[in-house]
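Reader: I've got a chain on my screen and I'd like to talk it through with you. Can we go through it piece by piece?

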Amino acid sequence: MSKSATSDRPPARAGIITWQLAQTFWVGGLWLLQFMVLPALGRIGLAPLLVEEIAGSLKPLLVGFAALCSALQALVLIQMTGLRGLWRDVRGQLLLTVMLLAGSQLLMRAGWFESLYWASFSFLVMGLCGLMLVLQPAPGREH
């Protein structure tokens with residue numbers, strides 16, 4: 001049999017690269033901010049209120065970025081596995097969880113509801129979902 005001129009290989013490779021880059025940026029960013037940057041700012045002697053102010057301005061930006069990157073990853077997953085993959089695949093379920101948590105945080109910041117504990121909890125759960133997502137193979141690399 002002869003191969004067709006249009007191969008599935010370049011889009012699959014581009015999808016894998018897109019998946020890995022998006023995942024690296026948003027998961028790494030969440031973990032870096034929460035467990036490296038903010039504690040380091042506290043240890044070097046910045047006032048606790050200043051550290052809280054920095055966290056208050058950086059966390060919403062990072063949550064929005066995580067929502068955008070996880071939506072991009074969801075598109076790659078849909079391209080590789082179909083729409084059913086978003087519901088049936090663990091990666092899709094994790095991405096949907098992250099997008100819902102990010103959406104709830106952004107709604108909270110917009111004033112729809114107020115809860116300091118939900119903001120911290122959802123941020124940490126997003127980081128945990130990201131860590132579990134990192135442990136999954138990229139779409140197209142399951143074998």
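Reader: Let's start with L41. Leaving out residues up to four places away in sequence, which residues does L41 touch?

Author: Keep in mind that this is a predicted model. L41 sits in helix 1, which covers residues 9-43. Once residues up to four places away in sequence are set aside, the residues that L41 touches are L46, V51 and I54.

Reader: Does L41 count as buried or exposed?

Author: The cut-off for buried is under 20% relative accessible area. L41 comes in at 18% relative accessibility, so L41 counts as buried.

Reader: Let's zoom out a bit. How many helices and strands does the chain have?

Author: Reading from the N terminus on, the elements go α-α-α-α-α. The C-alpha atoms fill a box of roughly 70 × 35 × 20 Å along the principal axes. The tally for secondary structure is 5 helices and 0 strands.

Reader: What share of the residues counts as buried?

Author: The chain has an accessible surface of about 9,200 Å², and 68% of that surface belongs to carbon and sulfur atoms. Of the 143 residues in the chain, the share that counts as buried is 34%.

Reader: Among contacts between residues at least 6 apart in sequence, what percentage joins residues at least 24 apart?

Author: A contact here means heavy atoms within 4.5 Å. Taking the chain's contacts between residues at least 6 apart, the part that joins residues at least 24 apart is 72%.

Reader: On to helix 4. What span does helix 4 reach from its first C-alpha to its last?

Author: Helix 4 takes in residues 90-109, which is 20 residues. At 1.5 Å a residue, 28 Å is expected. The model comes close to that, with a reach of 29 Å.

Reader: Which residue with a positive phi follows helix 4?

Author: Phi is near 100° at this residue, which comes after helix 4. The residue is G111.

Reader: Is L116 buried or exposed?

Author: L116 is found in helix 5 as well. From L106, L116 is 10 residues away in sequence and 13 Å away in space, C-alpha to C-alpha. Anything over 50% relative accessible area is exposed. L116 has 68%, so L116 is exposed.

Reader: Last one, the largest pocket. Which element gives the most to its lining?

Author: The largest pocket has a volume of about 420 Å³, and 16 residues line it, with G56, R109, L116, A119 and S120 nearest its centre. The elements giving two or more residues are helix 2 (48-81), helix 4 and helix 5 (116-134). The lining divides into 6 nonpolar, 5 polar and 5 charged residues. With 7 residues, the element that gives the most is helix 2.

Methods:
Residues are numbered from 1 along each chain as its sequence is written. This is a predicted model: local features need pLDDT of at least 70, side-chain atom pairs count only at pLDDT 80 or more; totals for chains, interfaces and linings use all residues. Side-chain values use heavy atoms; hydrogens and water are left out. Helices (H or I, at least four residues) and strands (E, at least two) are DSSP runs, numbered from the N terminus. The expected span of a helix is 1.5 Å times one less than its number of residues. On a 1 Å grid over the protein atoms alone, a cavity is a set of points where a 1.4 Å probe fits but cannot get out, and a pocket is an open set with protein on both sides within 12 Å along at least five of seven lines; lining residues have an atom within 4 Å of a point. Grid points are joined across faces, edges and corners, and a volume is the space filled by probe spheres set on the points. Ala, Val, Leu, Ile, Met, Phe, Trp, Tyr, Cys and Pro count as nonpolar, Asp, Glu, Lys and Arg as charged, and the others, Gly among them, as polar. Buried means under 20% relative accessible area, exposed over 50%, partly exposed in between (1.4 Å probe, protein chains only). Accessible areas come from the Shrake-Rupley method with a 1.4 Å probe; for residues, only the protein chains shown count as cover.
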